[in-house]
Amino acid sequence: MILVGLCMLGRLAYVQLIDDKYQLSADSNSRRKVIQFPSRGLVYDRNGKLLVSNQPVYDIMILPRKVETFDSIDFCNTVGIDMPTLRSLFTKLRQDIRRRRASIYKPYVFLRQLSGERYSQLQEKLYKLPGFYAQRRTLRRYEYPTAAHVLGYVGEVNDTIIKYNSYYAQGDYIGVSGIERSFEDELRGEKGVNYQMVDVLGRQKGSYRDGEYDIQAVSGKDLTLSLDVDLQMYGEMLMKGKTGSIVAIRPETGEILCMVSAPSYDPSLLIGRDRSKNFPILSTDAQNPLLNRAIQGWYPPGSTFKTINALIGLQEGVISPDTKYPCAFGYTVGRFHMGCHGHMSPLNLRQSIQHSCNAYYAYAFRAILDNKKYANINESFDIWKDYLVKFGLGYRLGVDIANENRGFVPNATYYDRVRGRGWTSLGVVSLAIGQGELLLTPLQMANVAAIIANKGWFYTPHIVHKIQDSSIDSLYTTKRYTDIDTAYFSVVQDGMELAVWGLDAGTARGAQIPDVRICGKTGTAQNPHGKDHSIFMAFAPKESPEIAISVYVENAGFGATWAAPIASLMVEKYIKGEVAPNRKYIEDRILHTVLNDK
């Protein structure tokens, strides 16, 4: 008994004389725990231009048990709300307390994102408002009204996020889309804690115990993007009044130079207290401006896909650069006919790309599938699909922007299911010219252009060039190969060059840029819901390529009419810095043409 008593006395002495954690708890009626929210990391473009910064805002917090009667009219006038809004805020507070989402003993976010100007007016009157105090936060500020789909936006966390991630609490914000979501952990930083002495009216009287228990917030890491903001803005300007996308990649690094999705929106519409008003408008817009068509849109690749079938045919040995096939305004077998435009006949491989001959690729594609070295068409078809997978098709490429779509590349099992066993190469011959069930994203098609430019390899496309005090994922610095021999790419490059520069009417002459050897391929994809899509992919210069690009303009007709000149302007802007005066008429035609309703 004496020993137990001595232990208890020793413990009491330690608690009262040495350990001060209980004093900290006992002092809670005279101190306030204030969360210090870190500033999110800044975002720069590839040339060091600031894209996203922060601005201070203030959340008005409330301790329900300490609230007393106050001048509500003066409060409304000070913070810039009306009486019905104030009543609704108190109604929501009572409901949250009833549902146990809030407590009368804990701070509660009463009014969010008060501007610095409004807060300075309120600060002078807080002594009249027991139970109210302000908590500083930062809000995103977009320095350019561009690249909304790439940058993304932040939004308030929901109960599910709070349940599974202890970092977040009610009222916190998290990246919802774009790089704000993909790089949330890097951008958000780490919260801090500040303990303040307060009087009976809740007024701050200084730091508790000289900040002994404070924890400093750690700002988020800055990101440097591969994006060229000037090129991005130029692309968005060209796509104004149109629906579609532009994606440009630097082939030697896989870095995304621009990612345009049209129609778009000003990213500043989704920050601050106006977000709740603007988001429903954008989300219900029939043009769907929130959709990032560059990575979420699925389109038939059309004739741009002929370049891939040419490479597979060469690798499989069923065609050679000198192989010629005839074309009599199309490909005909029995009662089946696939049309084609008028051009010289027969054509070799380079000429087939130059003139975009449908018949040539019907012959070549069927030769791939009916190759006798395979046991049956199911085996040869899946070999064909495996080549496409190596090109990054049919699966997500892994771009570092959230919500990428995979597109769709059918396999033999798919056709067994939808057509029954016994289907033939003729039954799927539309795949020869990039039609049928085949669907790709604009990002995937731009990456195909980069692969052809690199003669068979690519880096996974990515938008983040550098992370402060960190390195980017090794996924984006590891080469990926297509299993197509390097020599075969020169033949396809020659055909793409002829399409732009050939003397005998190449399909992409409208993409010519003085002093720049651009190689391109047009596409016109059938659209069951309206006018055909205009498509173009290209890279330039032919030797030592600096840019690979894909352009999709929905419901616009021929690829040579709209997509090709848009791509050529983008390439010229990037390589030369400006559009030559004698090509301004092309720019004016694009800028002043509206191809959608908005």
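Predicted model: local features only at pLDDT ≥ 70, side-chain atom pairs only at ≥ 80, totals over all residues.

Tutor: Helix H20 (residues 563–576) lies across E11, E12, E19 and strand E20 (547–553), and runs at about 145° to E20. Helices (H or I, at least four residues) and strands (E, at least two) are DSSP runs, numbered from the N terminus. Axes are lines fitted to C-alpha atoms, for helices over the stretch in contact, and angles run from 0 to 180 degrees between N-to-C directions. Contact means heavy atoms within 4.5 Å.

Student: In what order do the five strands of the open sheet lie?

Tutor: Strands of a sheet pair through backbone hydrogen bonds, either parallel or antiparallel. Here the order is E12-E11-E20-E19-E18, with antiparallel pairing; two strands pair if DSSP finds at least two bridges between them. Strand E12 (255–262) and strand E18 (519–525) stand at the edges with a single partner strand each, so one side of each is left without a neighbour in the sheet. From one strand to the next, the twist averages 5°.

Student: How many bridges join E11 and E12, and which residue stands opposite Ile256?

Tutor: Strand E11 (residues 244–250) pairs with E12 over seven bridges in the antiparallel sense. Ile249 stands opposite Ile256 in E12. A further helix, H19 (residues 486–501), lies across E18 and strand E19 (533–540), at about 75° to E18.

Student: How is the packing of one helix against another described?

Tutor: Two packed helices are described by the angle between their axes and the distance between the axes. For helix H13 (residues 306–316) and helix H16 (residues 377–390), the axes come within 11 Å and cross at roughly 120°. That makes H13 oblique to H16; angles under 35 degrees count as roughly parallel, over 145 as roughly antiparallel, 65 to 115 as roughly perpendicular and the rest as oblique.

Student: Which residues of H13 and H16 meet?

Tutor: Ile308, Asn309, Ile312, Gln315 and Glu316 in H13 meet Ile383, Trp384, Tyr387 and Leu388 in H16. By class, the residues of this contact comprise six nonpolar, two polar and one charged (Ala, Val, Leu, Ile, Met, Phe, Trp, Tyr, Cys and Pro count as nonpolar, Asp, Glu, Lys and Arg as charged, and the others, Gly among them, as polar).

Student: Is H13 mostly covered or mostly uncovered?

Tutor: H13 is mostly covered, with ten of its eleven residues buried, that is, under 20% relative accessible area, whereas exposed means over 50% and partly exposed in between (1.4 Å probe, protein chains only). After H13 comes Gly317, whose phi is positive, near 80°.

Student: What is the relative accessible area of Gln232, and which residues does Gln232 touch?

Tutor: Gln232 lies in helix H10 (residues 229–238) and is buried, with a relative accessible area of 0%. Leaving aside residues up to four places away in sequence, Gln232 touches Thr146, Ala147, Leu227, Cys258, Met259 and Val260.

Student: How many helices and strands does the chain have?

Tutor: The secondary structure comes to 21 helices and 20 strands. Of the 598 residues in the chain, 53% are buried.

Note on methods
Residues numbered from 1 in each chain as written. Heavy atoms only, no water.
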